Every structure is written in C-alpha cells, then in structure tokens.
Amino acid sequence: MTDTLQHVVTTSGAASFTRDTTYKFSRSLATLAAPNEATAESIRALRTHIVAQHIDYGRRALAICGPSPGVGCTFTAVNLAVALSQIGLKTLLIDANLREPALQEFVKPSREGGGLARCLAMADEDWLDCIDSDVIPDLSLMYAGEKVPDAQTLLAKYRFETLVDFCLRNYDVTLIDTPPANSCADARLISKVVRYSLIVARKDKTFVDDMKTLIGQLESDDVKVIGTVFNQA
C-alpha cells in the first residue's frame, strides 16, 4: 500500500438538522453538527494532511475511492469537502456514483433535476446549471442526478474530461466521490482523468488484499494514490 498518508476517521450517527438555507444537512456532517467532538477533529486532521500533501503542491482535484460498498467513501468525501470550505478554499464536491448516488443523504438538495448524469448526456448543458453553488460559504455540490444504466459509457466520454478541466479552472479543490471499485470500473475511469486518488477503508469491512488490488490497478493507470483513510464504525 501507500505510506504517503494514512489517517483514521471515527464516524458518527445520521439524523439531520437544518441551517439558514433551503438545504437539509445530515448530522453525519461532523464539523457542522458537532464541531467540538472527536469526529470533527479527525476530519480537520485529515484536511490538514490533504492541504499539506496535495493542495499545497498545486493539485486541485482528488477522487475518493473504496474497494467495496459500505466503507464510507461518501461520508469521507462530503465531510472533507465541508472542512476544506471552512478554511476558505473554494470547494466543489461531485457525486460521480451514477449507480447508487448518496450525496443527497448527507445534504438534501433544494431542487429537483439536473446533476452530473444530465450534464454528461446533454452536450449543450452548461456545467453551472448542474451545480448547486454556495450551499454553505465556499462549498458547491454537483449531485449525481438519477441512476443511469450506462454510467461507464457516460464517464468514458470526452465530456467528463472537459468537466474536470472546468473544475480545475474554477475551484481551489474538487473532490469526486466514486462507486465501489469491485463492482464496476467507474472509479478507475474517474481517477485516471483526475490523476490523484484517496483510498477509503473501513474497520471489519475492508480486506487488505482488496486494498492492494485497487491500489495496484490505479497505479497501473498512472494514478497517484496519495494515501488511505481508515473509517471506524
């Protein structure tokens, strides 16, 4: 595996709360719901590592990948995105899991429609029309939209590369949540375009061999794995 970054994050329960916006936020968003508790502190420590070892080198995008379902990729992605926005980095989080989208479980959208799937399928769609801007200060979200049967085909199109280029020009950092790597090749496709990946594992859920396989696949695609996050249930 990689020894560039290894970090432990303790997860928390769900439920939800509202802020002074039209969005509804899950209590799993630790630095918003319980900023003084251990989970929030773990997320902030992860943020420090990501800034120092990735963003400060001028790298503006990162794919969040997991070898199997239920390891906490979306939990990690959305909490890290919130934490980065809280230090003034203009952050975009994209839910690129077009098979089982989950971002809406953490931040309930204020509107219907749009999303990544539509923007990839419609060549004339403006990227900004698919993005929920300033959900909180400095945090924008692109939801996946409806589940699609041809997710890999959409992600393999050149239009996804143009989206990443747009993000690199317009945001300080873009995080892309991906589906489980052992169920489809989507995470590899996304990571190859982004060029950098963070791997998420979970206690009593992730096998070491699965981690090694995923990291080996990504490295064979010339993707730099910047480290691993170990979620504790």
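This is a predicted model: local features need pLDDT of at least 70, side-chain atom pairs count only at pLDDT 80 or more; totals for chains, interfaces and linings use all residues.
The protein chain holds eight helices and 11 strands. Its radius of gyration is 16 Å, close to the 17 Å that the globule rule gives for 233 residues, so the chain is as compact as a globular protein of that length. The C-alpha trace spans about 45 × 40 × 30 Å along its principal axes. Of the contacts between residues at least 6 apart in sequence, 77% join residues at least 24 apart.

Of the 233 residues, 54% are buried. The accessible surface of the chain comes to about 10500 Å², and carbon and sulfur atoms account for 46% of that area.

Helix H3 covers residues 73-85. At 1.5 Å a residue, its 13 residues should span 18 Å, and because its end C-alpha atoms are 18 Å apart, the model agrees with that expectation. H3 is mostly covered, with 13 of its 13 residues buried.

Two loop residues have backbone angles to look at. Arg-195 sits in the loop between helix H7 (186-194) and strand S10 (196-202). Its phi is near 85°, a positive value in a residue other than glycine. Asp-222 lies in the loop between helix H8 (208-220) and strand S11 (224-232). Phi of Asp-222 is near 65°, again positive in a residue other than glycine. Asp-222 counts as exposed because its relative accessibility is 69%, and the cut-off for exposed is over 50%.

Note on methods:
Residues are numbered from 1 along each chain as its sequence is written. Side-chain values use heavy atoms; hydrogens and water are left out. Helices (H or I, at least four residues) and strands (E, at least two) are DSSP runs, numbered from the N terminus. The expected span of a helix is 1.5 Å times one less than its number of residues. Buried means under 20% relative accessible area, exposed over 50%, partly exposed in between (1.4 Å probe, protein chains only). The radius of gyration is taken over C-alpha atoms; the globule rule is 2.2 Å times the number of residues to the power 0.38. Contact means heavy atoms within 4.5 Å. Accessible areas come from the Shrake-Rupley method with a 1.4 Å probe; for residues, only the protein chains shown count as cover.
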